[in-house]
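My notes follow in the order I took them.

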Amino acid sequence: SFESVLPHALATVAPLKWRVQAGVSAELDFAKLGHLCKNGSADGAMTKLLDVLATGDADMPNVSVHIYDLSFVNAFALPGGRIIVSHKLIEQAERPEEVAGILAHEIGHVVHADPETQMIRHFTLSLIYDAFGSSQSGGTVAIMEQFRQSRSAEEAADAYARQTMTAAGVDPIGLRDFFSRMLKHDRASQPITGALAQIGSMFSTHPGTETRIAKITPLPDGEKPKQVLDDADWQALRKSCD
(Lines give C-alpha, C1' and ligand atoms only; values in the text may rest on other atoms or scores of the structure.)
Protein backbone atom coordinates (compact mmCIF):
# COMPACT_ATOMS: atom_id res chain seq x y z
CA SER A 1 0.00 0.00 0.00
CA PHE A 2 0.98 3.65 -0.41
CA GLU A 3 1.10 4.10 3.35
CA SER A 4 3.58 1.27 3.88
CA VAL A 5 5.69 1.21 0.71
CA LEU A 6 6.21 4.79 -0.43
CA PRO A 7 7.54 6.23 2.89
CA HIS A 8 10.21 3.51 3.06
CA ALA A 9 11.16 4.02 -0.58
CA LEU A 10 11.58 7.75 0.05
CA ALA A 11 13.52 7.10 3.27
CA THR A 12 16.10 4.92 1.54
CA VAL A 13 16.97 7.68 -0.95
CA ALA A 14 16.75 10.61 1.47
CA PRO A 15 19.93 12.74 1.41
CA LEU A 16 22.24 12.39 4.40
CA LYS A 17 21.89 16.11 5.17
CA TRP A 18 18.11 15.71 5.54
CA ARG A 19 18.52 12.61 7.73
CA VAL A 20 20.91 14.42 10.05
CA GLN A 21 18.70 17.53 10.30
CA ALA A 22 15.63 15.37 10.93
CA GLY A 23 17.49 13.52 13.68
CA VAL A 24 18.57 16.76 15.36
CA SER A 25 14.97 18.01 15.24
CA ALA A 26 13.62 14.75 16.67
CA GLU A 27 16.15 14.78 19.49
CA LEU A 28 15.00 18.26 20.47
CA ASP A 29 11.58 16.72 21.16
CA PHE A 30 13.17 14.28 23.61
CA ALA A 31 15.14 17.13 25.20
CA LYS A 32 11.78 18.59 26.24
CA LEU A 33 11.04 15.43 28.24
CA GLY A 34 14.30 15.14 30.19
CA HIS A 35 17.88 16.36 30.28
CA LEU A 36 20.81 14.98 28.29
CA CYS A 37 23.30 13.20 30.56
CA LYS A 38 26.85 14.28 29.76
CA ASN A 39 29.43 12.08 31.44
CA GLY A 40 32.86 11.38 29.97
CA SER A 41 33.30 8.01 31.69
CA ALA A 42 29.86 6.83 30.62
CA ASP A 43 30.44 8.04 27.05
CA GLY A 44 33.69 6.08 26.95
CA ALA A 45 31.91 2.95 28.17
CA MET A 46 29.20 3.39 25.53
CA THR A 47 31.87 3.71 22.82
CA LYS A 48 33.49 0.46 23.99
CA LEU A 49 30.13 -1.29 23.88
CA LEU A 50 29.48 -0.07 20.34
CA ASP A 51 33.00 -1.12 19.28
CA VAL A 52 32.30 -4.68 20.46
CA LEU A 53 29.03 -4.81 18.53
CA ALA A 54 30.77 -3.46 15.42
CA THR A 55 32.91 -6.60 15.32
CA GLY A 56 29.69 -8.43 14.46
CA ASP A 57 28.89 -6.27 11.42
CA ALA A 58 31.66 -4.90 9.21
CA ASP A 59 29.12 -2.53 7.62
CA MET A 60 27.59 -1.24 10.86
CA PRO A 61 26.69 2.42 10.39
CA ASN A 62 28.14 5.12 12.60
CA VAL A 63 25.64 5.94 15.34
CA SER A 64 25.60 8.47 18.15
CA VAL A 65 24.00 7.25 21.36
CA HIS A 66 22.68 9.84 23.81
CA ILE A 67 21.41 9.00 27.29
CA TYR A 68 18.54 11.10 28.60
CA ASP A 69 17.14 11.24 32.12
CA LEU A 70 13.60 10.36 31.01
CA SER A 71 10.69 9.16 33.14
CA PHE A 72 10.22 5.86 31.28
CA VAL A 73 12.14 2.74 30.23
CA ASN A 74 12.71 2.81 26.48
CA ALA A 75 15.14 3.43 23.62
CA PHE A 76 14.53 4.99 20.22
CA ALA A 77 16.36 5.15 16.90
CA LEU A 78 16.04 8.57 15.28
CA PRO A 79 16.89 9.64 11.72
CA GLY A 80 20.54 10.23 10.89
CA GLY A 81 21.87 7.42 13.08
CA ARG A 82 20.93 8.97 16.42
CA ILE A 83 19.84 6.67 19.24
CA ILE A 84 18.17 7.86 22.43
CA VAL A 85 18.37 5.64 25.52
CA SER A 86 16.55 6.46 28.74
CA HIS A 87 18.70 6.25 31.86
CA LYS A 88 15.92 4.23 33.49
CA LEU A 89 16.51 1.53 30.86
CA ILE A 90 20.16 1.26 31.89
CA GLU A 91 19.11 1.18 35.54
CA GLN A 92 16.72 -1.70 34.78
CA ALA A 93 19.45 -3.70 33.03
CA GLU A 94 21.23 -6.22 35.23
CA ARG A 95 24.30 -6.64 33.02
CA PRO A 96 25.92 -4.85 30.07
CA GLU A 97 24.89 -7.56 27.59
CA GLU A 98 21.29 -6.44 28.08
CA VAL A 99 22.13 -2.88 27.05
CA ALA A 100 24.20 -4.27 24.16
CA GLY A 101 21.14 -6.18 22.97
CA ILE A 102 18.92 -3.10 23.10
CA LEU A 103 21.53 -1.07 21.22
CA ALA A 104 21.93 -3.80 18.58
CA HIS A 105 18.15 -3.75 18.11
CA GLU A 106 18.07 0.03 17.68
CA ILE A 107 21.03 -0.10 15.28
CA GLY A 108 18.94 -2.57 13.28
CA HIS A 109 16.33 0.15 12.90
CA VAL A 110 19.05 2.55 11.69
CA VAL A 111 20.28 -0.02 9.14
CA HIS A 112 16.74 -0.48 7.79
CA ALA A 113 16.02 3.30 7.66
CA ASP A 114 13.01 2.75 9.93
CA PRO A 115 13.23 6.14 11.73
CA GLU A 116 13.28 8.04 8.42
CA THR A 117 10.37 5.94 7.17
CA GLN A 118 8.34 6.70 10.29
CA MET A 119 9.11 10.41 10.12
CA ILE A 120 8.00 10.61 6.48
CA ARG A 121 4.85 8.61 7.27
CA HIS A 122 4.11 10.80 10.30
CA PHE A 123 4.63 13.98 8.28
CA THR A 124 2.33 12.72 5.50
CA LEU A 125 -0.41 11.77 7.96
CA SER A 126 -0.06 15.15 9.69
CA LEU A 127 -0.72 16.89 6.38
CA ILE A 128 -3.83 14.78 5.90
CA TYR A 129 -5.05 15.50 9.44
CA ASP A 130 -4.47 19.22 8.92
CA ALA A 131 -6.27 19.18 5.56
CA PHE A 132 -9.38 17.74 7.21
CA GLY A 133 -9.18 20.08 10.17
CA SER A 134 -8.38 17.45 12.79
CA SER A 135 -5.33 17.36 15.01
CA GLN A 136 -3.20 14.73 16.68
CA SER A 137 -2.49 14.73 20.41
CA GLY A 138 0.60 16.64 21.42
CA GLY A 139 3.25 16.11 24.05
CA THR A 140 4.94 12.92 25.17
CA VAL A 141 2.47 10.42 23.70
CA ALA A 142 2.73 12.10 20.29
CA ILE A 143 6.52 11.77 20.37
CA MET A 144 6.25 8.08 21.30
CA GLU A 145 3.73 7.53 18.52
CA GLN A 146 6.00 9.14 15.96
CA PHE A 147 8.68 6.51 16.57
CA ARG A 148 6.40 3.51 17.11
CA GLN A 149 7.53 0.82 14.68
CA SER A 150 5.43 -1.83 13.00
CA ARG A 151 5.66 -5.41 14.20
CA SER A 152 7.51 -6.39 11.02
CA ALA A 153 10.06 -3.59 11.56
CA GLU A 154 10.55 -4.70 15.17
CA GLU A 155 11.06 -8.31 14.13
CA ALA A 156 13.59 -7.27 11.47
CA ALA A 157 15.49 -5.20 14.05
CA ASP A 158 15.45 -8.20 16.40
CA ALA A 159 16.86 -10.40 13.65
CA TYR A 160 19.65 -7.88 13.06
CA ALA A 161 20.39 -7.80 16.80
CA ARG A 162 20.51 -11.60 17.08
CA GLN A 163 22.75 -11.92 14.04
CA THR A 164 25.11 -9.11 15.06
CA MET A 165 25.43 -10.18 18.70
CA THR A 166 26.11 -13.77 17.68
CA ALA A 167 28.73 -12.71 15.10
CA ALA A 168 30.37 -10.46 17.73
CA GLY A 169 30.36 -13.24 20.34
CA VAL A 170 28.05 -11.26 22.64
CA ASP A 171 25.54 -13.36 24.57
CA PRO A 172 22.12 -12.80 22.88
CA ILE A 173 20.43 -14.05 26.05
CA GLY A 174 21.07 -10.57 27.44
CA LEU A 175 18.42 -9.22 25.08
CA ARG A 176 16.06 -12.07 25.95
CA ASP A 177 16.50 -11.53 29.69
CA PHE A 178 15.80 -7.81 29.40
CA PHE A 179 12.70 -8.26 27.25
CA SER A 180 11.38 -11.00 29.55
CA ARG A 181 11.87 -8.93 32.69
CA MET A 182 10.24 -5.85 31.15
CA LEU A 183 7.29 -7.91 29.93
CA LYS A 184 6.82 -9.33 33.43
CA HIS A 185 7.01 -5.80 34.87
CA ASP A 186 4.44 -4.57 32.32
CA ARG A 187 1.98 -7.27 33.29
CA ALA A 188 2.42 -6.52 36.99
CA SER A 189 1.50 -2.88 36.34
CA GLN A 190 -1.51 -3.52 34.08
CA PRO A 191 -3.88 -1.37 36.19
CA ILE A 192 -2.07 1.72 34.89
CA THR A 193 -3.99 2.89 31.85
CA GLY A 194 -4.05 5.69 29.33
CA ALA A 195 -1.13 7.91 28.39
CA LEU A 196 1.04 6.93 31.36
CA ALA A 197 0.87 3.25 30.46
CA GLN A 198 1.58 4.03 26.83
CA ILE A 199 4.78 5.96 27.51
CA GLY A 200 5.86 3.84 30.45
CA SER A 201 5.77 0.55 28.57
CA MET A 202 8.61 -0.43 26.29
CA PHE A 203 6.22 -2.83 24.59
CA SER A 204 3.64 -0.20 23.73
CA THR A 205 6.21 0.76 21.09
CA HIS A 206 7.68 -2.75 20.62
CA PRO A 207 4.81 -5.15 19.74
CA GLY A 208 4.61 -8.96 19.61
CA THR A 209 6.99 -9.44 22.50
CA GLU A 210 6.43 -13.09 23.47
CA THR A 211 6.97 -14.34 19.92
CA ARG A 212 10.09 -12.22 19.59
CA ILE A 213 11.53 -13.41 22.90
CA ALA A 214 11.13 -17.04 21.84
CA LYS A 215 13.35 -16.47 18.80
CA ILE A 216 16.37 -15.32 20.84
CA THR A 217 18.71 -18.27 21.38
CA PRO A 218 22.15 -18.67 23.05
CA LEU A 219 25.48 -18.60 21.28
CA PRO A 220 26.44 -21.87 19.52
CA ASP A 221 27.55 -24.72 21.82
CA GLY A 222 31.09 -24.33 23.10
CA GLU A 223 31.40 -20.64 22.20
CA LYS A 224 32.38 -18.55 25.20
CA PRO A 225 30.58 -15.19 25.35
CA LYS A 226 32.73 -12.08 25.02
CA GLN A 227 32.87 -9.63 27.93
CA VAL A 228 31.42 -6.41 26.56
CA LEU A 229 32.39 -4.15 29.48
CA ASP A 230 34.47 -4.59 32.62
CA ASP A 231 32.88 -3.75 35.95
CA ALA A 232 34.32 -0.22 36.11
CA ASP A 233 32.88 0.68 32.69
CA TRP A 234 29.55 -0.93 33.54
CA GLN A 235 29.26 1.07 36.75
CA ALA A 236 30.23 4.25 34.85
CA LEU A 237 27.43 3.59 32.36
CA ARG A 238 24.93 2.99 35.17
CA LYS A 239 25.90 6.31 36.76
CA SER A 240 25.72 8.26 33.49
CA CYS A 241 23.08 10.66 34.82
CA ASP A 242 24.48 11.10 38.33
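I started with the outward face of helix 2, the one turned away from its buried side, and found the exposed residues Lys17 and Leu28 there. My cut-offs: buried is under 20% relative accessible area, exposed is over 50%, and partly exposed is in between, with a 1.4 Å probe and protein chains only. Helices are DSSP runs of H or I with at least four residues, strands are E runs of at least two, and both are numbered from the N terminus.

This is a predicted model, so I kept local features to pLDDT of at least 70 and side-chain atom pairs to pLDDT 80 or more, while totals for chains, interfaces and linings use all residues. I number residues from 1 along each chain as its sequence is written, and side-chain values use heavy atoms, without hydrogens and water.

Next, the buried side. In helix 2 I listed Arg19, Ala22, Gly23, Ala26, Glu27 and Phe30 as buried. They sit on the same side of helix 2 because their arc around the axis is only 135°, taken from the directions from the helix axis to the C-beta atoms. The general rule: an α-helix has 3.6 residues a turn, so residues three or four places apart point the same way.

Helix 2 has 16 residues and spans 22 Å from first to last C-alpha, close to the expected 22 Å. The expected span is 1.5 Å times one less than the number of residues.

Why does arginine 19 count as buried? Its relative accessibility is 17%, so arginine 19 falls in that class. I placed arginine 19 in helix 2, residues 16-31. Setting aside neighbours within four places in sequence, I found arginine 19 in contact (heavy atoms within 4.5 Å) with Ala11, Thr12, Val13, Ala14, Pro79, Gly80, Ala113 and Glu116.

Then the sulfurs. I counted one disulfide, using a pair of cysteine sulfur atoms within 2.5 Å as the rule. Cysteine 37 is joined to cysteine 241, S to S 1.8 Å. The two lie 204 residues apart in distant parts of the chain: cysteine 37 in the loop between helix 2 and helix 3 (40-54), cysteine 241 in the segment after helix 12 (231-238). The link is right-handed, with 95° about the S-S bond. Buried or exposed? Cysteine 37 and cysteine 241 are both buried.

Last, the whole chain. I noted twelve helices and three strands. Of the 242 residues, 48% are buried.
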